[in-house]
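Below is a walk through one structure, taken in parts. It covers helix packing, aromatic pairs and a few loop residues.

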There are 4 protein chains.
Amino acid sequence: MVEPIRVFVTGGTFDKEYDELTGRLFFKDTHLPEMLRLARCRIPVSVRALMMVDSLDMTDADRRLVVESCRSAAEGRIVVTHGTDTMAETARALHAASLGKTVVLTGAMVPYAFGSSDGLFNLGSALSFAQALPPGVYVAMNGRVFPGDRVRKNKESGIFEEG
Amino acid sequence: MVEPIRVFVTGGTFDKEYDELTGRLFFKDTHLPEMLRLARCRIPVSVRALMMVDSLDMTDADRRLVVESCRSAAEGRIVVTHGTDTMAETARALHAASLGKTVVLTGAMVPYAFGSSDGLFNLGSALSFAQALPPGVYVAMNGRVFPGDRVRKNKESGIFEEG
Amino acid sequence: MVEPIRVFVTGGTFDKEYDELTGRLFFKDTHLPEMLRLARCRIPVSVRALMMVDSLDMTDADRRLVVESCRSAAEGRIVVTHGTDTMAETARALHAASLGKTVVLTGAMVPYAFGSSDGLFNLGSALSFAQALPPGVYVAMNGRVFPGDRVRKNKESGIFEEG
Amino acid sequence: MVEPIRVFVTGGTFDKEYDELTGRLFFKDTHLPEMLRLARCRIPVSVRALMMVDSLDMTDADRRLVVESCRSAAEGRIVVTHGTDTMAETARALHAASLGKTVVLTGAMVPYAFGSSDGLFNLGSALSFAQALPPGVYVAMNGRVFPGDRVRKNKESGIFEEG
């Protein structure tokens, strides 16, 4: 028996697309279903988009919605896709909520729709840590996993670090 | 501190390429370094190609080489890339060797060099399970993880199952 | 006013796909509609699959069907997608038929479904030569264009040459 | 004998990349050499980057450099890669210069580095029209070709039109 996993989508680099008319990046639909299809994912995953925002634009109310959605979800194992700029902040909010569930935040350095994205790798990683780790909040990026209350993004290098 | 991971490459669908002259699939170099670069992988991973074979052509001697390479590796956490057809057989051989290490076998349903491969997802998954799971042998494919001594590939559906 | 172009699909490397169950290359549907969508093609193109075969398996009857389809098409400008191995042979058959139309054969060294295909480039090239060249039969591959009665594929290098 | 083609790069959507640190699009190196390799291009092409700019930022001096570079090039057949927003303006400047050469401007609706670009198709098209058309200035986009003095980009639809 495989435990089902809930994926909450919040937007972030992961889901950005190129607008042919304006030449700007924007959000349309989430790519999660397409990514799970490409991954031939054999675990029961249900995807729900909570918002589609750049994480720099995420408000306290948005962050509360993420926390409450994780709390009220039927599943005990959850992945949250999130922009990298404030991922650590949302991780701390989730950690503070003491949900008693395994929640893994992940994202991408490059949009999935672009040729050279790390998104599919990070999604595989997050779904795996979500299955294997005990209750708690984690950030899974580029192969590493960090405790949700002790992680930050190094603004200069773009790399996540413990701290 | 992040524990280093050893990746042993054996070939399989993962690494197949298209030969423009003959129109056939063949092996050249492993794509692992390129995949780790795309993944912006931040864990110390050292890759070593043991062989480049279709897993249907893997001999008992090949399988012994995989087991002995895992045994003598300095690392306690190992990922083995492998063709899917006999991945379960190699997993059983590794299980029988009782190495006391975490060994995760993975592969792909479609070559990484092709547009629609599950390879990058599976690699992210395998590297994550290799970090999170206790010593033992596992097969990580398409989001799921199986104990190395109780897994088989369903020949008709192409899907891995417990059993 | 833009003259409409007819595209006849015959299969070839262009349209080969990877069978996940058998690990072999095979034909399913043509990728032409998807390629034209990606190209954001703004000329009226109507696609018709005549057959889906490896060009080494193309019979005299198949070749007659290609010639007769070109003859009876309403359009005066035609692109034929074709396997590279016997493309020159079909070009000569079309040349011998003296159709009084502009017919451009093209194909790919690597299947479109794979990451590194020349297919989209060749399609752009063939549709352009089909618009710009006077009636006659031509082979357009990898940027070059050859007269249909004086072209051959160099078996060793895989490159098309005049001769 | 195949006549050599000169490609002048000016930037534009074609060559935009994603900056992982800032999340913005920017210019680094041109992708033309990589695209020609993927195309397995068999015509002698020499690439020279004149500038790497968004065509909305192109000045009169930039435009004069494009015209003079085309004039002084040894080749009689030239492709210019260009942003779409002011491609028609540069085409008119080249037309007014009466160079007596075949000059084809092309670009892309989506950056080549992104998964869903029309760039490779347009490059194949431009290199083909550059070989087949008589001296004059042309715009080749998405399968169509327009005379350089009678073309404009429809700002609302993003599509090039005669006029």
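At what angle do the axes of helix 2 and helix 3 of chain A cross? The model is predicted, so local features need pLDDT of at least 70 and side-chain atom pairs count only at pLDDT 80 or more, while totals for chains, interfaces and linings use all residues; side-chain values use heavy atoms, with hydrogens and water left out. Residues are numbered from 1 along each chain as its sequence is written, and chains are lettered from A and ligands numbered from 1 in the order in which they are written.

Two packed helices are described by the angle between their axes and the distance between the axes. Helix 2 (residues 60-72) and helix 3 (residues 87-96) of chain A cross at roughly 45 degrees, and their axes come within 10 Å. Helices here are DSSP runs of H or I with at least four residues, strands are runs of E with at least two, and both are numbered from the N terminus. Axes are lines fitted to C-alpha atoms, for helices over the stretch in contact, and angles run from 0 to 180 degrees between N-to-C directions. Helix 2 of chain A and helix 3 of chain A are therefore oblique to each other (angles under 35 degrees count as roughly parallel, over 145 as roughly antiparallel, 65 to 115 as roughly perpendicular and the rest as oblique).

Which residues make the contact between helix 2 and helix 3 of chain A? On the helix 2 side of chain A they are Arg63(A), Val66(A), Val67(A) and Cys70(A), and these meet Glu89(A), Thr90(A), Ala93(A) and Leu94(A) of helix 3; contact means heavy atoms within 4.5 Å. This contact in chain A is made up of five nonpolar residues, one polar and two charged (Ala, Val, Leu, Ile, Met, Phe, Trp, Tyr, Cys and Pro count as nonpolar, Asp, Glu, Lys and Arg as charged, and the others, Gly among them, as polar).

In chain B, helix 2 (residues 60-72) and helix 3 (residues 87-96) pack at an angle of about 45 degrees with their axes 10 Å apart. That makes helix 2 of chain B oblique to helix 3 of chain B, and their crossing is right-handed. Arg63(B), Val66(B), Val67(B) and Cys70(B) of helix 2 face Glu89(B), Thr90(B), Ala93(B) and Leu94(B) of helix 3 in this contact. Its residues divide into five nonpolar, one polar and two charged.

The aromatic rings come next. Rings of Phe, Tyr and Trp (its six-membered ring) pair if their centres lie within 6.5 Å; planes under 30 degrees apart count as stacked, over 60 as edge-to-face and the rest as tilted. By this rule there are six aromatic pairs over all chains. One of them is the stacked pair of Phe114(A) and Phe114(D), at 3.4 Å centre to centre and with 15 degrees between the planes. Phe114(A) lies in the loop between strand 6 (102-106) and helix 4 (119-132) of chain A, and Phe114(D) in the loop between strand 6 (102-106) and helix 4 (119-132) of chain D, so the pair joins two chains. Phe114(A) is buried at 4% relative accessibility, and Phe114(D) is buried with a relative accessible area of 4% (buried means under 20% relative accessible area, exposed over 50%, partly exposed in between, with a 1.4 Å probe and protein chains only).

Tyr18(B) and Phe114(C) form an edge-to-face pair, 5.4 Å centre to centre with 80 degrees between the planes. This pair crosses between chains, from strand 2 (residues 16-18) of chain B to the loop between strand 6 (102-106) and helix 4 (119-132) of chain C. Tyr18(B) and Phe114(C) are both buried.

Pro111(C) is placed in the loop between strand 6 and helix 4 of chain C and is buried, with a relative accessible area of 0%. Apart from residues up to four places away in sequence, Pro111(C) touches Tyr18(B), Thr13(C), Phe14(C), Lys16(C) and Ser117(C).

Most residues other than glycine have a negative phi, and most peptide bonds are trans. Arg40(A), which is not a glycine, has a positive phi of about 50 degrees. Arg40(A) is found in the loop between helix 1 (32-38) and strand 4 (45-53) of chain A, and is buried at a relative accessible area of 13%. Among the contacts of Asn142(B) beyond its neighbours within four places in sequence are Arg40(A) and Phe121(B).

Methods
Left-handed = near helix turned anticlockwise from the far one by under 90°.
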